[in-house]
Amino acid sequence: MDVRSQISMVFHLDKCIGCHTCSIACKNIWTDRKGAEYMWWNNVETKPGTGYPSKWENQDIYKGGWEKNGGGINLKGAGKPKSLTNIFHNPNLPVIDDYYEPFTYKYLDLIESPSGNDQPTARPISMITGEPMDIKMGPNWDDDLSGSPDYARNDSNLEKLSPSEREAMFQLERMAFFYLPRICNHCLNPACVASCPSGAIYKRGEDGVVLINQEVCRGWRMCVTACPYKKTYYNWSTGKSEKCILCYPRIEAGHAPACMHSCVGRIRYLGVMLYDADQIESVASADEADVVSRQMNMILDPFDPEVIASAKSNGIADSTMHAAQYSPAYKFVKEWNLALPLHPEFRTLPMLFYVPPLLPVMASVTQVDNTRQSEKMSPVAKHWPDSWLYDTSTKELFGSIDEARFPLQYMANLFSAGDTAQVGNRLKKLMAVRLHRRQTTVGDVSEDTVKMALADTGLTPQLADDIYYLTSLATFDDRFVIPAAHREQAIEMMEFTGDVKGSTGFGFQSGSAERGA
Amino acid sequence: MKLENAVDDQPYDPVLTLLGRSNEIALTSFTEFGLDKTVHRGVPVMRVETTDGPVTVTTVYDLTMAQYGVDRGLPGAYPRDYGDKNAAYTPAWQELFTGVASDTVLQFAREWASTAEATGGKCMIIIGAGINHWYHGNLMYRAGAMALMLTGCVGKNGGGLNHYVGQEKLAPMDSWGAIAFGKDWQSAVRLQQTPLWHYINTCQYRYDGQFSRYNTVPDNELTRQHTADEIYKSVRMGWMPFYPQFAQNTLELCREAIDSGATDDDGIKQYVLNKLKSKQLEYSVSDPDAEHNFPRVWYIWRGNAIMGSMKGHEYCLKHYLGTHSNAIAEDSEDHTTEVKWHDVAPVGKMDLIVDLNFRMDSSALYSDIVLPAASWYEKADLNSTDLHSFIHPLSAAIPPVWESKTDWNIFRDLAKATSEAAVKYFPEPQKDVVASPIAHDSAGEISQPVIKDWYRGECEAVPGRTMHGLTVVDRDYTKLYDKFISLGDRLRTTGLGAHGNHYQCEDAYDEMVASNHFAVERQNGNVYPSLKEDEWAANAVLHLSTLTNGVLNVRAYRNAERRTGLDLVDLGAGSEDVRIRFADLQAQPRRYNTSPLWSGVMTGGRAYAPYTYNVEKLIPWRTLTGRQHFYLDHEMYLAYGENLPTYKPSPKPEAYGDLKQTLKDGDARILNCLTPHGKWHIHSTYMENHRMLTLSRGCEPVWMSEVDAADLGIQDNDWVEVYNDHGVYCARATVSARIPKGVCIVYHVPERTVGIPKSQVRGGKRAGGHNSFTRIHLKPNFLAGGYGQFTYHFNYWGPIAPNRDTHVIVKRMDKVVF
C-alpha cells in the first residue's frame, strides 16, 4: 500500500443553478490576461450540449485520454512515441473556432461618432485582431439549450439512446436540462503529464494538484490534445500552456478555491481523500465496466489503523489525516457512494466527483380534439391552439427514477462509462433520502415505502439524515475541510523565502523544474 | 383580527357557510369571461333586517364555491364533474386555455392541499414581478392567494405568498421615508405613480382606444370608457397623483389667492378649491397635450427610464424627446371624451433631461446632461430588503473615479446651486399648494364607499374626502441647501412611522444633537443633526428606525398595542439594546428587529414570513374591514366582473392592437413576445458588462422555438428583426427546444449602446430595445381610491404597465448594417 493524499472536489448537481459565478470568479483572478482571453479554467456547461470547446467529449475528434492496449494503456492521440513524429504538427488540436474568438466592442464610437439622425452603437470587434467581427461562438454558446438543433442534439452522450428517447429529450413537455461545472480533474493518471515532451507538467505530492511549470513548458501543446477534458489551454501570447491550479495559493493559506468560494448554490465540497497509489496502473487499465468500482476501491478509509500507519510512513502530516477523517468528499464519494467521476472511460482517474441530478419526472402528451374550440370562445380570448395537452401526472408523490426525464443511459454515459446500474443506484439513494425527509417533515409517505426505499439502497434513517444535512444545511466549514500548508514545508519548498518574497512570486522559483522532471 | 363585536366587545364565531343553516337559495349569475358565458347557480342565503329594510346575505365562501362551480347539491348550472369542459373552473375547462391536462392539475391540487393539511400550511408561492406584467396580473395574484387561503397557508413560516417585487427599497422605511422626502422640514410631497404618468405624457393614450376592446368586461357605464378619462377622474377624485398639477403654476396660484384676500393657508386652500369647483382652474391631466401642461424638466436617478423601465420607448422618443422614432402606429379612432383631444399630437415635450448615473446607459445617451455618479464601492449607503431581514452597508473601498460624485453629494451640490440662484430669483419665501391623493393608512382611506364625482356635481367637493387633499407649503428656496444638510426638527413633534404605525422620536433626535457620536449643523442659532455626508445620513436612518433602534421599536409596539388593544410589546422584547450604527454594519451585516413596520414575526431567530404578524397576533389587515378580502365590492370591481377571483383570458393580438399597421397588407406568423429578467443582468445593469456579454452570445438575443424558427426560415445565430406598430428590435436569434411554440423571448434590458444594427423594416433606422415593441395598456380598476386597500400609497398601489400580452412579427435580416 502506497498511501497518498489528494484534495478532491465534489459537485452536487441538484444544487447547481447554472449561474456561472464560479467561472467569473476564476476568470477575474486567473485568466484576465493577454493570450488567456479565451481560457475558462472553470466553465459551466448545459447538458445536453456540446460544451466547451465544442464537442470536447468526442475523442474520435480530439483523441484525448487513454485507450486500452492489450493489458496496458496508451495515450490515444498524443503519446510520447506519437508526439515525436507529430512534434511540429499536432493534428488533433482544437482551433480557436472550437473555443471562440474573444470579442469586445468599439466603445469609442459611442462618443466619437459624428452627429447624425441616429444613435451610435458600439459594434463587436475581435480582442485578437481589433477588427470588426461576427460573433459565432462563445464559452457557453449552448447555455440553457441555446441553439439546440446544432448543439444539444449533437451531444455525444446521446449515443446508445434509442431514437424515441432522443426525440423525447427535445420535446418541450418532456425535456429537462442540467448544468455541469467543470475544472481540471487533477487526475491520478493524468494524460497531460504523460504527454508532455518537456516534462513540464507534474502532480504535487502533498495534495495531488496538477500543475504546468511555466519555466519548463515549451508550448508543444501535446497536453491540450492529451487531456480528454480539454482543461489545458495554450496561451498564444506567452507561448506556454496553462491550466486550473485549484487555486493552490489560496488552498495553502486555508482559503477555498475561488470557484468554490463564490458558488451561489453551495454545490461544491472540498476535502482530502487518501488513495492507494500502487493501484493506479491496474485500475487505469481495468476493463471499462470495472473502472468506476475499482477507482472507488482505491480510495482508502482514513479511520483504518493500517491506512493511518502507512500514511504516516509516507510522510502524510497529522493535520492532513485529521482533515481526511472529516472530509465531505470522502463522505459523498466513498462512505455514501453518491458521487461519480466524469467520463471514467477516459481512464485518467479523475479526482473530481459529481452527485448526479435527480431530474423531474417524464411528462407525456395527451391528444385532444380542439377543432371547434375557438368557436366557443369570447372573441377577445386567447386559447390553447394545439391538439395535445401536457401531462406530468404520476401515480406516486415522487415519480420513480425510471420515469426521470433524462434516460438513465444518458447519465451513465456521462458518469459511469455507460453502466446504468452505477448511476441508477445513486439516484435511487437520493430518492430514498427525499422520501425519508418527506416522511419526517410532512408524513404523507407510507412508512413501508420509506423503509423499503432505504433498505433497497443500504441506508438507515440516520445515514439519510446525514446525507440530507450535508446536502442542504451544511455550513461552509462542513463543506470545506482542507489542511492549510505546513509552514515548515512551505519554507522548505521556497528554499530562500526571504530572497524571493515580493519579487518573483509563485510558480517561477528556479529549481522547481526538478519537481516536474 | 380578534373575533369580537366592535360595539359590545362580545366574542363571535363567524359562519363559513349558510349551507345547512338556511333553506333559502338564491339563483345567482356568474360570468366566465373566457367562454363569454353566464350561468345561474344556487347560493344559500338569509334575510337580514337592516335600517334600510331587509337585505339578502350570504357568505363569501358560499359565493366562492358557486363561482368555482363546486357542486354542493345546490340547484342551478353546476358542472357535471371535473371533466365538464363547458363549465368554468373545472380541470377539463382549464385545458382550453393552458394546454395542461386535467390529471396533472388534479394531482397537483391534491398534493398541494394534502401537504398544506399535513404541515399546517407550509405551501408557498414564490412570485416575481412577471405576474405584474400581464394585463390581468391582479387576477393571477388572486388565484394564488385564494389557493393559499383555502388551504390555510397565509401567514405561515414555510408557506404563503412570497412576493419578490419592490425588494430594492430599504427596509427601515419609517426613517428613510421621512429623510428622503424632506418630511423632516415640511409635510406635503409630490410623488408620482409612473405608469400612468408616462401613459398620459408620452401620448401613448392616443393610440389606445376604449379598454373594453381588449379587457373582457361586462358592458356598462363604467366600462364604456377610455383609460385616459378614467385617469383624469382618478386624479380629481383623489385616487391617483398627477403632476404637473394644474394648468396654472402653483406658486402663482398662491400669490393670486393672497392678492384676492386670502390671509392664511386655509384661505389659500379655499381659494384654490373654489377655483377648481368653478372650473376656472384646469387640471393638467385634463389637457395633457396643451403646451402649458407639458412636463419640461426631467431628472433621471436610479433608473434607466429611457429604454429600461418605461414601456413604449419609441413613444417616449417621439413625444418626450422629439427625436427619431420607429413607431408607425396611428391615433386610435376612439378619442377621449373628458381629456381634451388635440388633432395633432405634440412632439418633443421635454426641454431638459438630466441623468444621474454610474453607467453610460441608454438613458444617459439621450440626456442633455449626465452627472457621473459613484458606484457601490465608492460611497456609503445602505441596502436591505424586507423579505430577507438583514441590513447591509455599501462602503467606499476606493474614491469615486474621475469626476464622479456620490449620489448624496450630487443632490447636495444641486441643492446648493439652487439656493444660491434663489437669492436672485426667489429671495422671499413662497407659498405653494400641493394636491395629493388620499393616502393609505389615513382617515381618508374609508372616505369613498361609493363613486361620487364632485366634478360632475354628484357630491360636495371636500378635500381629502371626496377629492384629493390640498396642502399649503412654505418654500424658502434660499434655504434648500441648509435643509438638505440638516435633519429638520419637525420630526420632534410629528414623530415617525409607516404602514399605519407611529412613534415619537424626540429623545432620539435630541440625542443626535447632544451626543458626540453625531455631527451637527448650526444654523441661525439652532443646532440640528447633520446630514451633510452620506455616512451621516445613513446613521440618521439607522438611529431613527424601529428596525435598528430597539427603544423606538418597543415604543412603536406600545403605540400599536394602544391602537389595537392587543398584546404586542413582547415582540420587541430583547430589542431594547439594539442600536445599529453604520460602522457595525461595515463589520458585519446585521439582522434587523422584528418591528410593527413589517408583517413578519422574526423573534427567536425565525425567518421572515409575511403576515405572520397578522395571523399570530391578530393584527387587522390593512384593508377596508381589517380582514383578508376575497370578495371586492368596490363599484369598479363589480362593474368589471372582478368582484370574485375570476379568470380573464389574455387578449388576442387583434384586440390588443400591436399590429394594426404592421399587418395592414397581409398576414404573418404572430408571436407573443415576453421580456423576462435576464440570466446575467439586473434589468440593464451588467447587461453590457464585457463578461456577461461574453456569456450571452455578445448581445441580448431573441429566443425562439425550433418550430417557429424552422417555419420562418431562421437558423440559430441569424440576425432577426422583432417588430410591430410600436417599434423594432434587431438581434441574433437563439433557437432553442426550451422555448414554446408561438412565443419569443427578449430578456430585459438590452442597451442601445452595444451592437444594435439598423433595421431593414424601418428603412435603415437604428433599431431600439425590448421596450421598442411595447405600448402601455393600463387596467383602470387599479386606479380606485379612498376605499381601504384601494387607496394610494407611493410605490404600492396604482396601475401596472403590463407588457407580456405584446405580440410581434419576427423576420430574418438579409443585410446587417451598424
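The questions and answers below go through a predicted model, beginning with chain A.

Trainee: What percentage of the residues of chain A count as buried?
Mentor: A residue is buried if 20 or more other C-beta atoms lie within 10 Å of its own. Applied to the 517 residues of chain A, this gives 47%.

Trainee: Which residues have the most contacts inside the largest nonpolar core?
Mentor: The largest nonpolar core has 136 residues. Apart from it lies another core, of 70 residues, which includes B:Trp298 and B:Val472. In the largest core, the residues with the most contacts are A:Val10 and A:Phe332.

Trainee: Which residues is A:Val10 in contact with, leaving aside neighbours within four places in sequence?
Mentor: Two residues are in contact if their C-beta atoms lie within 7 Å. With its neighbours within four places left aside, A:Val10 is in contact with A:Tyr269, A:Pro328, A:Ala329, A:Phe332, A:Val333, A:Ala339, A:Phe353 and A:Val355.

Trainee: Which way does A:Val10 point from E1(A), with which residues?
Mentor: In a regular strand the side chains alternate between the two faces of the sheet. In E1(A), A:Val3, A:Ser5, A:Ile7, A:Met9 and A:Phe11 point one way. Strand E1, residues 3-12 of chain A, has 10 of its 10 residues buried. Pointing the other way, together with A:Val10, are A:Arg4, A:Gln6, A:Ser8 and A:His12.

Trainee: Which residues of helix H14 of chain A are buried?
Mentor: Helix H14 covers residues 328-335 and is mostly covered, with 7 of its 8 residues buried. Just after H14(A), A:Asn337 takes a positive phi of about 55°. The buried residues of H14(A) are A:Pro328, A:Ala329, A:Tyr330, A:Lys331, A:Phe332, A:Val333 and A:Lys334.

Trainee: Are H16(A) and H17(A) roughly parallel or roughly perpendicular to each other?
Mentor: Helix H16 (residues 408-415) and helix H17 (residues 420-441) of chain A pack at an angle of about 105°, with their axes 8 Å apart. The contact includes A:Leu408 and A:Phe415 of H16(A), and A:Thr420 and A:Val423 of H17(A). Angles of 65 to 115 degrees count as roughly perpendicular. H16(A) and H17(A) are therefore roughly perpendicular.

Trainee: Which are the edge strands of the open sheet of 3 strands in chain B?
Mentor: The strand order is E7-E8-E9, with parallel pairing. An edge strand pairs on one side only, and this holds for strand E7 (297-301) and strand E9 (369-372) of chain B. Neighbouring strands of this sheet are turned by 15° against each other on average, direction ignored. The edge strands are E7 and E9.

Trainee: Which residue of E9(B) stands opposite B:Asn357?
Mentor: Strand E8 (residues 352-357) of chain B runs parallel to E9(B), and 4 bridges join them. The residue of E9(B) opposite B:Asn357 is B:Pro372.

Key. Residues numbered from 1 in each chain as written. Chains lettered and ligands numbered in written order. Predicted model: local features only at pLDDT ≥ 70, side-chain atom pairs only at ≥ 80, totals over all residues. Core = buried A, V, L, I, M, F, W, Y, C linked by C-beta atoms within 7 Å. Buried ≥ 20, exposed ≤ 12 C-beta atoms within 10 Å, placed from the backbone. Helix = DSSP H or I, 4+ residues; strand = E, 2+ residues; numbered from the N terminus. Pairing = 2+ DSSP bridges. Axes fitted to C-alpha atoms, helices over the stretch in contact; angles between N-to-C directions. Parallel < 35°, antiparallel > 145°, perpendicular 65-115°, else oblique.
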